[in-house]
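Dear colleague,

Please find below the structure I promised to pass on to you. My notes on what was found in it follow directly after.

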Amino acid sequence: MIPERLILKGIYSYQHTTEIVFDDLMSAGLFGIFGPVGSGKSAVLEAITFAMYGETERLNNRDSKHYNMMNLRSNEMEIDFTFKHQSKRYRFTAYARRNRNNFTDITKNERKAYVWEDNQWVPQESADATNVIGLKYEHFKQIVIIPQGKFNEFVQLSPTDRTKMMRELFPLDRFDLRDPANRLFNQVKTEISQLQGRLQEFEEYSPEAAKALEKEIKEHQTELEKLKMELLRLEKSMHETVELKKLTDNIEATQKALVTKESQKATMEQLAEKLKLFEKVKYRYQPVMSRLSEIESEVQQLTNLYEKQKTKNDLLISKIAAHQQEMQKITAAGGDVEAHKKRDAGLNKALEIKKLQQELGQLSDGFKNKQAQLKKAEVAREELKSRLASQKEQLTKKRNALPDEGVLHELRSSFSEEVILQKQVRSAENELKQSINIVEELKRDRIEIMNDVSTIVEADEPLGELKAKDALVLLEKTLTTIKDKLAQFAKRKVQLDVQSGLERYAGALQEGEPCPLCGAEHHPKPFSNTALGNEQEQLMELVGKHEQHRDKLSQAITQLGSLVERFRREGGQKEARQKAVHEAKSQIEECQNKRNMLPVKFSAEELAQVLKQLAVDKKEIARLEQAVLQTEQELNSESAIEQLQKEIQSAETRIITVQTQINVQQTDIVPEWLAKSTDELNALKIQTGKELQKLETLLKEIDDQQLAQQKLEVQIEETKKQQERQTVQLEEKQQQLNQMLEEDKFNSVNDVQTVLDEEMNIEAVQSQIDTFHRELHTLKSRFSDLQSQLGDRKFDAQAFEELEKTVKNRQDAVSNMETRSGGLQSTYQVLVNKLKLKKQLAENLDKKEKRKENLEVMMGLFRGDGFMRYVSQIYLQQLCAIANERFRKLTHNQLELDIDENYNFIIRDFLHDGRMRLLKTLSGGQTFQAALSLAMALSEQIQQYQNVKQQFFFMDEGFGSLDRESLSLVFDTLKQLRKEQRTVGVISHVEELRSEIDRYLLVENDEEEGSRIRFNG
């Protein structure tokens, strides 16, 4: 998130609209917001968090948040915050308004969010910034903006609270596997019980039963195939007999249908004659009769139309006469249309003159007032010029008296750097002494180890003078020799044990009794060795002695190997520390040489006094600059004089313009009108307008009615002509119809109409007749074909019935056997499936039993919250590892963060042999460095977990409790963050910190005007 702009109004001490543009601040990398205590610095951060989340650090919903946030002299509160995030621009706003009738009641409060798309701000559904930057308010306070008093919160938490916080930040509860393991264990136990229960259901199913059923199915299938072959032969004979029966039935049915069709033949012939007459009348008489009826209807319609047109024409003539009479009355009293228009224009001019005369009087009065104001403003302007010259002269003297601030800061940095380097030299020298002491102690340990084995090892030179590596090689070689001898002793011991056994065995032989090995009964010379016991005793003494030597050498080799590694490590540290001492002394000398080359010569104490006085002088200069700026602003406001001059000039021009307009408007008006009042003129204008509108309306209506009357007379004449033409056509069609009736020997039109009234469907009736003849012909042909197919064959009904019964019996038998076969197959398939399922259940049960054993082990691992504590410790260790990358640099590799077994933060102090001590023992500046390193590490870990990237870091911390040296460490730390491509914003009231930062906002609180912000940089 990169802030762009913040607008405040009516929040806390910000009474008036205040705008902060972050572009210049952000480009510096390190900027500040400074001001006295209570000036309104922290309100800037609270405004940002309230706009983005609706939350503030100081207030909650129970505290009447909106009322307490709103400035007591304001009736509304506004916050408008714009920022960039992942290449997009966002805008969050907050607004609240006070009830006019109840001071403590906030009637309206709302928060909104927008995103910049298509060159406009597009509203968002939610005003919660979590949806935009992926951070909740609690995480936002620890990553982007750290409120006042919260910077060291993470360091000062108790181990229990810190572990709880880690769980919330990195949802570590997902590693609490106790309940899932118990749940899985109970689930597996239930599954095992279910599987065992199901397996009991399959005890009756066995592979032997499946084999027996398979054999029965094969035998049944063979018998079924024989029965099907016999049924096939009978069905073929049955099919031939059925076909013969169908043929015989078809002949009988066709013969009956043929007789029926022959009986309908006479009726069809009569229908054909009737159709012929209807078709003739329809196509000859119907068109003529239809046209005759149409002409009669048209003649009647034209007669009716003629009467209506005559009546309408008489009405129009009457209306025209009435309108002409009304128009004559108006023109006789006030003239025609043009006369009314001229009088209306003259009245408009008279009203305009009245208005201009009134404006001219007002302009004359205003002109005199502006001239008086201009004289006063010119006198005040000369006084401001004199005051500005005096203030600038004082400011120039103060600035010229200031020393070179850059050289002073360079000198102070040199002193600070030398102090740090002196500490490094002392630390490095102490470490070097420790390394030398450790090496000497290791030498003594080496001599002591070699003296312990001096009676075992033989060497050409004294053992105490051998180097550790050479001594180790000699001991390993001696140990190998001793191990070889022990191996030889072991072989000899086996031989002696065999001989001892043979001696005991030979001593047990009795003369005349068979030997168990060779079977001989005579034993003239049994084995005997009188020196065997002495040799065994001597051998055991040698073995014991060499084993003691072997164990002693092994222990010495282990100790010496450890010493060799420590010699190597301590030797390297000794060289590194010698180099560190040399480099630190060289840096001190270089620092002193650079300081001697500076143009100013002060001691550290003198420099502190000079810087203190410099801060006082800069405050005075800032005060003078502010005074000059204010005076210049007041002087630049001479635009008031220019404005007065412009207004006077404008008034003069307007007076001339108005007088000219009055002269122009006096043409074409009646002089008596100017003596009338404005109301009288308006009344006369309204009356004239009404008469003019009435005249124009009457003229238009008379023109429209006369035009309509002329068109209507033409239409009446045309209607009369059409009526005469249609009457002639009617007589001609009547003569044509009478001639046709005479030709066809019809008595009247009624006879023709009787034929037409039957309304025969010509196509349908003709189709019916054609279909009859076609079906009659088809029946005759089909009857002949069926007789030829039958030939000499005859259908025997009794034989057919017997054959049908036989086939039915065989079909029933086959069906029963197939049903039986299907049942056997189904039973067999069920049995096979059951056996397969039984096998699967047994395999699943075995898997579940093994899973249950594994889950029992897991339940033991996750019992209690030991695993959760372990995970929390891992996260804290990772946090320390990340923090140490920055903390070691800030402390010049002198300190390192770690945690103890109780999850407390501790410090490893390399200036004191890497010994541990509590973090609380650090100085103020070092504590700040540790807290900052942990906060930045925590920020990076949360960013990685939340998959977001934040390069902006803002902290509200007073730093008032830190001494000068700690404050210097704080500033060095902040500069180090800037090198990491992070933009850092600091809120503080400490003057020393402000002097170190080039760009900052200065917040000042006026008792009357509230908080104001001024940019410096």
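Does Lys889 count as buried or exposed? Lys889 counts as exposed, because its relative accessibility is 59%. Please bear in mind throughout that this is a predicted model. Lys889 belongs to helix 21, which covers residues 866–890. Its C-alpha atom is separated by 9.1 Å from that of Gln976, a residue 87 residues apart from Lys889 along the chain.

As to the overall picture, the protein chain has 24 helices and 15 strands. Of its 1017 residues, 34% count as buried. Among contacts in the chain with a separation of 6 or more, 76% are accounted for by residues 24 or more positions apart.

In soluble globular proteins, nonpolar side chains tend to be buried together. The largest nonpolar core here has 76 residues, and those that touch the most other members are Leu6, Ile11, Met52, Ile79, Phe81, Phe154 and Leu897. Helix 2 (residues 42–53) supplies the largest share of this core, with 9 residues. Ile79 illustrates the surroundings: leaving aside neighbours within four places in sequence, its contacts include Leu6, Ile7, Leu8 and Ile11, together with Ala47, Phe50 and Ala51. Phe92, Thr93 and Ala94 are also in contact with Ile79.

Aromatic pairs and charges over rings

The count of aromatic pairs comes to 7. One of them joins Phe34 and Tyr1000 in an edge-to-face arrangement, with 5.5 Å centre to centre and 65° between the planes. Phe34 lies in strand 3 (residues 30–34) and Tyr1000 in strand 14 (residues 999–1006), so this pair ties together parts that are 966 residues apart in sequence. Both residues, Phe34 and Tyr1000, are buried.

Tyr53 and Tyr137 form a tilted pair, at 5.7 Å centre to centre and 55° between the planes. Because Tyr53 lies in helix 2 and Tyr137 in helix 5 (residues 137–143), the pair ties together parts that are 84 residues apart in sequence. Tyr53 counts as buried, at 10% relative accessibility, and Tyr137 counts as buried at 10% as well. Ring pairs also link Phe81, Phe83, Tyr90 and Phe92 into a cluster.

Two arginines lie over ring faces. Arg91 is placed over the face of Tyr114, at 5.4 Å from the ring centre, and Arg98 over the face of Phe103, at 4.0 Å from the ring centre.

Lys41 is found in the loop between strand 3 and helix 2. Its relative accessibility is 10%, so Lys41 counts as buried, the cut-off being under 20%. A polar atom of the Lys41 side chain lies 3.2 Å from the backbone oxygen of Gly35. Neighbours within four places aside, Lys41 is in contact with Ile33, Phe34, Gly35 and Pro36, and also with Ile987, Ser988, His989 and Val1003.

Val115 lies in strand 6 (residues 106–117) and is buried, with a relative accessible area of 3%. Val115 and Tyr90 are 25 residues apart in sequence, while their C-alpha atoms are 4.6 Å apart in space. Not counting residues up to four places away in sequence, Val115 touches Lys88, Arg89 and Tyr90 as well as Gln120, Trp121, Val122 and Gln124.

Helix 18

In helix 18 (residues 749–757), the residues Val752, Val755 and Leu756 are buried. Viewed down the helix axis, the buried residues of helix 18 fall within an arc of 95°, so they line one face of the helix. As a general point, an α-helix has 3.6 residues a turn, so residues three or four places apart point the same way. The buried residues of helix 18 pack against helix 10 (265–334) and helix 17 (678–743). On the face turned away from that buried side are the exposed residues Asn750 and Thr754. Just after helix 18, Glu759 takes a positive phi of about 50°.

With kind regards

Methods. Residues numbered from 1 in each chain as written. Predicted model: local features only at pLDDT ≥ 70, side-chain atom pairs only at ≥ 80, totals over all residues. Heavy atoms only, no water. Buried < 20%, exposed > 50% of the residue type's maximum accessible area, 1.4 Å probe, protein only. Helix = DSSP H or I, 4+ residues; strand = E, 2+ residues; numbered from the N terminus. Arc of directions from axis to C-beta. Contact = heavy atoms within 4.5 Å. Core = buried A, V, L, I, M, F, W, Y, C linked by side-chain atoms within 4.5 Å. Phe/Tyr/Trp six-rings, centres within 6.5 Å; stacked < 30°, edge-to-face > 60°. Lys NZ or Arg CZ within 6 Å of the ring centre and 35° of its normal. Polar contact = N/O pair within 3.5 Å; in protein donor to acceptor, adjacent residues only side chain to side chain.
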